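Open the model in your viewer and keep the selection tool ready.

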Amino acid sequence: MDRKSTPDLSTDVSTVPKVSTSSTGSPPAGAPQALATVAVVGLGTMGTGIAEILTRAGREVIGIDIDDAAARRAVAALEASTARAVRRERATERERQDALARFRTFRDLQAAAEADLVIEVVPEEYELKRQVFTALDGIVRPDAILATGTNALSVTRLAADSAHPERVLGLHFFNPAPAMKLVEVVSSVLTAPTAVTAVTELARELGKDPIAVGDRPGFVADGLLFGYLNQAAAMYESRYATREDIDAAMKLGCGLPMGPLALLDLIGVDTARTVLEAMYAASRDRLHAPAPILGQLAEAGLTGRKAGRGFYTYEAPGSTVTVPDDRTPTATQDLDAGRTVRSVGVAGSGTMASGIAEVFAKAGFQVVLAARSLEKAEAAKARIAKSLDRSVAKGRLTAEARDTALAAVTAAGSLESFSDVDLAVEAVAEDLGVKQQLFATLDKVCKPGAVLATTTSSLPVVACARATSRPQDVVGMHFFNPAPAMKLVEVVRTVLTADDVHATVRAVCAQVRKHPVDCGDRAGFIVNALLFPYLNNAVKMVQEHYATPDAIDAAMKLGGGYPMGPFELLDVVGLDVSLAIEKVLHAEFRDPGLAPAPLLEHLVAAGCLGRKTGRGFREYARR
């Protein structure tokens, strides 16, 4: 996850003396084995972080920036970080002083003359970067390596414009550089293998995890990340969901460290737009075409945290603290009068049904768990008992609370047992015909005024509603698996759902300690609509032989803070389930970029469905 804010600093190449190219001849094929002296050009947030890593790792570091204030901030940052290391007994005072002595700052590119490696981290403007590289060609030694920190522009183009393209590569750190483990080492078709080997070894010595990638906009991590961020921006722009609900949905539903809109503010709306423009120019994929709102915010100077306002409003420029603004939702919707719910019926006998029944029982509701037979319902209740026992063993639940919750669940072999429930929740197979038949039955057996909810993750809720004579009472309650642990519920209202039904479901979510997010009745709702195109794009990267599943998983976990890589997640979800959701999204939105990757279809056709079959994108030991 590239959280790099575009530095407000740049190298003034116009002041660099014009120095003739070294007369020692062409650069040797080999690169310097020990990259002992490194110049960092551009001391913004990212450049300062890279300089800190190198300095503390024992390298001589030459920091170059025309802005004296930037140089002072970089020195102050290093002083502060090394002082913290001493206080935490991770370094001695002598080591601190040695590190500070190894970091020198200059205003002129000429200072890079003796560097073994130069890392350019100036703003994402091709012409500016080209000027820096052209100037460096006349300054550095022939065997020095030149690295660009770009995450959007063409490394190949920069190399081709250089006097020695074989020594040019990409070295993409992630922000904050001292903390993030991932480094993408980007080769062009012109890059010498010796240069790649040298910087890869340096990255390892710095305690980073380097992955080798080819030259394409966004590389691996940002190539997947920015498409997802762009879709989130478009979702917000269409007023499908609030910014708060979009961010909460992705944090709680996927375990991400930040929501997409908050992350766009951190990265910088202008930076994100630049990256997406480069990605779209290369791919012509509409998913990469920057959402208009990104351009509107950028042109207005509302570029995120650094400006004090972007998708959110902050206390001050650079602040991490958000403050209410005219787009902050009020709490009045939660105060609307709803219907009284004391008893809940859960239809189904699978993992999701038993998990939802457990959630309601622990919250004090009387629960009827109905399946196609009493034996299946009893088996589902036994699964609840085991889950409650595990909670007791882990100290999360008392034995008394376990017994009370289990006693609140009544197993039944027929939906006739739902005659007196206030809320009926179906959790049966993800098949529209099956669900419609079930809702037609609920319409007959449930009392007037009962709320009827579906847990579908991909089917139209209104199609279930139309199977009843009371579509105003039907709503979506999309729980996430495992239901007892996952905090998110997507509350899906159709164009026919009554206001008091919507209010009832939100109130019930609060009672069972879940976080409700509102969304409309369209394919994927919030989470799946943003998650599965990202997963599909990861499959396309493998299909195109750009990167391996291991490299992509490592990139997203180390560079994006994701709890699981996309291929780990695909194998857990099931490739057949993932393919079905991709098809639903493609059918609804008709976007060519959402078409399922052929590789995914081929694996499903071959019966390689993930962990449940022992083989998906990886092989697993069969139990």
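**Stop one: a covered helix**

This is a predicted model. Start with what lies over the buried residues of H11: the cover includes helix H7 (221-237), helix H9 (260-267) and helix H10 (269-283). Now select H11 itself, residues 292-299. Which of its residues are buried? Colour Ile293, Leu294, Gly295, Leu297 and Ala298: these are buried. Step just past the end of H11 and pick glycine 301. Its phi is positive, about 80°.

**Stop two: two packed helices**

Two numbers describe a pair of packed helices: the angle between their axes and the distance between those axes. Which residues make the contact? From H8, select Arg243, Ile246, Asp247 and Met250. From H9, select Pro260, Leu261 and Ala262. Sorted by class, the contact of H8 with H9 has five nonpolar residues, two charged ones and no polar ones.

**Stop three: a lysine**

Jump to helix H16, residues 432-445, and select lysine 435. Is lysine 435 buried or exposed? Its relative accessible area is 0%. Buried means under 20%, so lysine 435 is buried. Now show what lysine 435 touches, leaving out residues up to four places away in sequence.

Key. Residues are numbered from 1 along each chain as its sequence is written. This is a predicted model: local features need pLDDT of at least 70, side-chain atom pairs count only at pLDDT 80 or more; totals for chains, interfaces and linings use all residues. Side-chain values use heavy atoms; hydrogens and water are left out. Buried means under 20% relative accessible area, exposed over 50%, partly exposed in between (1.4 Å probe, protein chains only). Helices (H or I, at least four residues) and strands (E, at least two) are DSSP runs, numbered from the N terminus. Contact means heavy atoms within 4.5 Å. Ala, Val, Leu, Ile, Met, Phe, Trp, Tyr, Cys and Pro count as nonpolar, Asp, Glu, Lys and Arg as charged, and the others, Gly among them, as polar.
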